[in-house]
Amino acid sequence: MIPMPNPRAIGRFLLTLFVATAGVSTALAQAWPSKPIEIFMGFPAGSGVDVVARTLLEPLQKSLGTAIVLEYKPGAGGNVASEHVARSRPDGYTLLLGTAATHGINAALYSRLPFDVEADFTPIASLVDVSNVLTINPNVIDVRSVKEFIDKVKANPGKYNYASTGNGTGTHLAFAEFNAKAGLDMVHIPYKGGPEALQAVIAGDVCCIFNQVQTVLGQYRAGKVRLLGVTTRQRIGAVPDVPTIAEAALPGFESYTWFGLFGPKGIDPQVVAKINAAVRGALEQPAIRQRFIESGNTPRIETPEQFAMTVKADRAKWSGVVKASGAKVD
């Protein structure tokens, strides 16, 4: 006759196993990091996410006590880098500098994704809010305010083309929101990326674009483009004389994106807390905050839990915008 196992003995064994496992996890978290950390980006060097990553690189390395390597895997609107990180080991050494596009827009834009934007990632830390700005070529449409822009386009339905950095990108959807709110009839011309789209505006191939402030500052200061209104709720430090679109013509209008750090699902909460604390410390440095403000970005400090709620709410918002715009990528 096979003896029945003692329930109390089983309970003691499971408790011992749990304590031992927890002890190993705690020890690993305390030892982290013991090697360089890789931060992957789904966009090329020189892009907005790259500028933010490079601004934070030195203070994060100093705070975490290890080297941080920036890796670029552009493609499919950031999905290539996202998939790589989603499939990596959850040890805290492989992170993603994600965006509202990779974790908000793409879930609605693409009919199929090779990962789940919610189930396959650990939200770690928000970094910055990124404003777009209505940027025009005054040689194509010579107006000086958002209201004048709206009036002129309304008087010439279908005449004016606007650029974007690609079908379904934040720059496309910002204009789609703007056109719907203002009742405009404009033609969308998508380009392969930010530099090509902005160059099309400068060359006069299209009249305008909604683009990240940091990407148009150089051309604006050189007098090649005119800025009419920013898409955030409040004016931004980089161009304080440029009004918000809400105050200039369309009350309640707001359309901005964000950047943040993610890891694969299952990272030890203590490691997540360490990274979040390092990001918070960097964003609280006056010099770092000033650099972001001068480039058109607004630092956003959140706990991992708050960041997760931001991502979830933004995903719901962009789902509606994508549906209304009709944008789709197979």
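Predicted model: local features only at pLDDT ≥ 70, side-chain atom pairs only at ≥ 80, totals over all residues.
A residue is called buried under 20% relative accessible area, exposed over 50%, and partly exposed in between.

**Stop 1**

Select E247 first. Its relative accessibility is 47%, so E247 counts as partly exposed.

**Stop 2**

Next, select R226 and D142, another salt bridge, whose closest N and O atoms are 3.1 Å apart. R226 lies in strand β8 and D142 in the loop between β4 and α5 (146-155), so the contact ties together parts that are 84 residues apart in sequence. R226 is buried, with a relative accessible area of 16%, while D142 is partly exposed at 48%.

**Stop 3**

Select residues 121-136, which make up strand β4. Why can this strand be described as largely enclosed by the rest of the structure? The reason is that 16 of its 16 residues are buried.

Display the neighbouring strands one at a time:

- β9: this strand pairs with β4 in the antiparallel sense over nine bridges; D129 stands opposite W258 here.
- β7: five bridges join this strand to β4, and the two run antiparallel; the bridge partner of T135 is I209.
- β8 (residues 226-230): four bridges connect this strand with β4, again antiparallel; L134 has G229 as its bridge partner.
- β10 (residues 297-299): three bridges join this strand to β4 in an antiparallel arrangement, with V130 opposite N297.

The structure holds ten salt bridges.

**Stop 4**

Move to R112, in the loop between α4 and β4. R112 has a relative accessibility of 70%, so it counts as exposed. For a sense of distance, draw a line from the C-alpha atom of R112 to that of I209: the separation is 28 Å, for residues 97 apart along the chain.

**Stop 5: helix α2**

Select R54 and D50, whose side chains meet in a salt bridge (3.1 Å, N to O). Both lie in helix α2, four residues apart, about one turn of the helix. R54 is partly exposed, at 46% relative accessibility, whereas D50 is buried, at 4%.

**Stop 6: the largest pocket**

The tour ends at the largest pocket, which has a volume of about 870 Å³. Of the 38 residues that line it, select the closest to its centre: F43, T165, T169, G193 and G194.

Then colour the elements that each supply at least two residues of the lining: α2 (48-64), α4 (100-109), α6 (170-182), α7 (194-203), β7 (208-212) and β9 (256-264). Which element provides the largest share of the lining? That element is α4, with five residues. Colouring by class instead shows 15 nonpolar, 22 polar and one charged residues in the lining.

Conventions: Residues numbered from 1 in each chain as written. Heavy atoms only, no water. 1 Å grid on protein atoms, 1.4 Å probe; cavity = no way out; pocket = protein on both sides within 12 Å on 5 of 7 lines; lining within 4 Å. Points joined across faces, edges and corners; volume = space filled by probe spheres on them. Nonpolar A, V, L, I, M, F, W, Y, C, P; charged D, E, K, R; others polar. Buried < 20%, exposed > 50% of the residue type's maximum accessible area, 1.4 Å probe, protein only. Pairing = 2+ DSSP bridges. Salt bridge = Lys/Arg side-chain N within 4 Å of Asp/Glu carboxyl O.
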